[in-house]
Amino acid sequence: MNRIIGGIGTSHVPVLGATIDGGRTETDEWKALFDDYVPAQSWLSEVQPDVAIVIYNDHASAFSLDMLPTFAVGVAAEYKPADEGWGPRPIPTLKGDPDLSWGMVESLVESGFDITVCQQLDVDHGLTVPLSILWGQPESWPVKVIPIAVNVIQYPLPSPQRCLALGRAIRNAVSSVQGDSKILMVGTGGMSHQLQGARAGLINTPFDRMFLDKISSDPDSLAAMSVSDYIREAGSEGAELIMWLIMRGALGPNVEKVHSAYHVPASNTAAGMVVLADK
Ligand code: DHB
Ligand code: FE
């Protein structure tokens, strides 16, 4: 039977990808932050997932404001890194898992999530930076990847409650599909940051720390907040955090916190991570 073994929430700040690609993770500026990802990497080599379902947002790379699905699931056999303006990142193409993707889509639609289906999808830093944070620079990725893109760009955004519910539907979906894969959930984006406007540069450490705590112990309280609450507390781009609720909803009620990390700032962003094992 397919089973979800745990979940990771992590920021997807583009400069982290550029730092890995440029071989600068050991510099004075970056070493402390990247050292704090090692426990997550060690846990992954212990639990050896087969598939990663990565919840991320596209930043106008594959979609544009002309056409922007609220929730979209990739069903392709492979996904290429997107060209975000300076050429695609020098990373391997990602292998998909079409059978699991299509099975999940059927179950999700059955349970009331009328998601968009993508047979072709180039993936941007929202998805590729977390892969590099978790697995470094491999010849090929050690997991198959199923991308789930969420609109956190153009209002209205999906509600945090709906995100948690989607996670719970994903848990049912993966167990409804035949297979024997160990599945890792990854939720990307956040923590507090705002890239534009009068509040550009906003960082709210007490909010971020509260979120890092409650995502394991009390996700329902985080889902009870509105999108406006997230924007007010975490900034317009900090609202990306609602994607961690999809990751968390797909885990069981009881999780073990394996690791968490918090560094301020990385670029304009409070870079956070949490690693949760499903019990
Ligand atoms: C930054 C953070 C993001 O989440 C993003 O998508 C783009 C840029 C930043 O802090 O530079
Ligand atoms: Fe982002």
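User: When does a charge sit over a ring, and which residue lies over the face of Phe113?

Analyst: A charge sits over a ring if NZ of Lys or CZ of Arg is within 6 Å of the ring centre and within 35 degrees of the ring normal. Here Arg162 lies over the face of Phe113, 3.8 Å from the ring centre. Keep in mind that this is a predicted model, where local features need pLDDT of at least 70, side-chain atom pairs count only at pLDDT 80 or more, and totals for chains, interfaces and linings use all residues. Residues are numbered from 1 along each chain as its sequence is written, and side-chain values use heavy atoms, with hydrogens and water left out.

User: OK, how do I read aromatic pairs, and how many does the structure hold?

Analyst: A pair of aromatic rings is described by the distance of the centres and the angle of the planes. Rings of Phe, Tyr and Trp (its six-membered ring) pair if their centres lie within 6.5 Å; planes under 30 degrees apart are stacked, over 60 edge-to-face, and the rest tilted. The structure holds seven such pairs. Take Phe34 and Tyr37: their centres are 5.9 Å apart and their planes at 80°, so the pair is edge-to-face.

User: Are Phe34 and Tyr37 buried or exposed?

Analyst: Buried means under 20% relative accessible area, exposed over 50%, and partly exposed in between (1.4 Å probe, protein chains only). Phe34 counts as buried because its relative accessibility is 11%, and Tyr37 counts as buried at 3%. Phe207 and Tyr230 also make an edge-to-face pair, with 6.0 Å centre to centre and 90° between the planes. That pair links distant parts of the chain, with Phe207 in helix α7 (residues 205-217) and Tyr230 in helix α9 (residues 227-234), 23 residues apart. Helices are DSSP runs (H or I, at least four residues), numbered from the N terminus.

Note on methods. Chains lettered and ligands numbered in written order. Helix = DSSP H or I, 4+ residues; strand = E, 2+ residues; numbered from the N terminus.
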